[in-house]
Amino acid sequence: MTIDIRRIRDRLPQEIADLESAARREGHHHVARLIDDWSAGDIKFERDGESLLGAYVDDALVGIGGMTVDPAMSGALRMRRFLHSSRMRGRGIGRMLALALLDHARCYCIVVTVHAGNDGAAKFWESLGFQPHGRDGHTHLLALQHHSDDPAASDLRRCVTPRSP
């Protein structure tokens, strides 16, 4: 199994429809919101620090996750629209996708927030070091260090042009 994390720009991949359909069957609507927001031009992950990544296994899209400027916390970024296929869970794909987004965030901010939609998501984010912090529309936050302490992140791309402190 080959896992590849790719930046999504310009247009959403066609396979997002399959991911959205699977998410909807599980009762999740955030991939549909991603598609709607992208189509309307409301969120294109283009502002400073923002990024949308797709997780691919053997060239098939199996997960997606984004990072946007947090509207409620100055200088913070927020994880958004994070989901990976239920059939691929337990293989480290979600962790790899989250670590790639967090590694990217280190170039732009020192705090990342997330809204965990359920207990399973909360446990996942907490396993990555997020702390419960239920206010301003998010449930957890993570104070970033400038270099990842997770050995699994060591092969991820580093900042090309880090921002000055």
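Which residues does methionine 73 touch, not counting residues up to four places away in sequence? I looked, keeping in mind that this is a predicted model. I found contacts with Val111, Thr113, His133, His138 and Leu141.

**Entry: Met73.** I placed methionine 73 in the loop between β3 and β4. Buried or exposed, I wondered about methionine 73? Its relative accessible area is 18%, and the cut-off for buried is under 20%, so methionine 73 counts as buried. I also checked a distance: methionine 73 and valine 112 are 39 residues apart in sequence, yet their C-alpha atoms are 9.5 Å apart in space.

**Entry: the cores.** Valine 112 turned up again when I went through the largest nonpolar core, being one of the residues with the most contacts inside it, along with Met79, Trp125 and Phe130. I noted 28 residues in that core. Which elements supply at least two residues each? I listed β2 (51-57), β3 (60-69), β4 (77-84), α3 (93-105), β5 (111-114) and α4 (119-127). The biggest giver is α3, with eight residues. Apart from this core I found another, of 15 residues, including Leu19, Ala23, Val31 and Phe45.

I then followed up phenylalanine 130. Leaving out residues up to four places away in sequence, its contacts are Leu102, Val112, Thr113, Val114, Trp125, His140, Leu141 and Leu142.

**Entry: helix α1.** Two residues of that other core, Leu19 and Ala23, are in α1 (residues 16-25), where I marked Ile16, Leu19, Glu20 and Ala23 as buried. Why do they sit on the same side of α1? They cover an arc of only 100° around the axis, which puts them there. The general rule I keep in mind is that an α-helix has 3.6 residues a turn, so residues three or four places apart point the same way. On the other side of α1 I found Asp18 and Arg25 exposed. The buried residues of α1 pack against α2, β3 and β4. After α1 comes glycine 27, with a positive phi, near 90°.

**Entry: second largest pocket.** I got a volume of about 540 Å³ for it. How many residues line this pocket? I counted 21, with His30, Phe82, Gly117, Ala121 and Trp125 nearest the centre. Two or more lining residues come from each of α2 (30-40), β4 and α4, and β4 gives the most, with seven. By type, I sorted the lining into eight nonpolar, seven polar and six charged residues.

Technical notes:
Residues numbered from 1 in each chain as written. Predicted model: local features only at pLDDT ≥ 70, side-chain atom pairs only at ≥ 80, totals over all residues. Heavy atoms only, no water. Core = buried A, V, L, I, M, F, W, Y, C linked by side-chain atoms within 4.5 Å. Buried < 20%, exposed > 50% of the residue type's maximum accessible area, 1.4 Å probe, protein only. Helix = DSSP H or I, 4+ residues; strand = E, 2+ residues; numbered from the N terminus. Contact = heavy atoms within 4.5 Å. 1 Å grid on protein atoms, 1.4 Å probe; cavity = no way out; pocket = protein on both sides within 12 Å on 5 of 7 lines; lining within 4 Å. Points joined across faces, edges and corners; volume = space filled by probe spheres on them. Nonpolar A, V, L, I, M, F, W, Y, C, P; charged D, E, K, R; others polar. Arc of directions from axis to C-beta.
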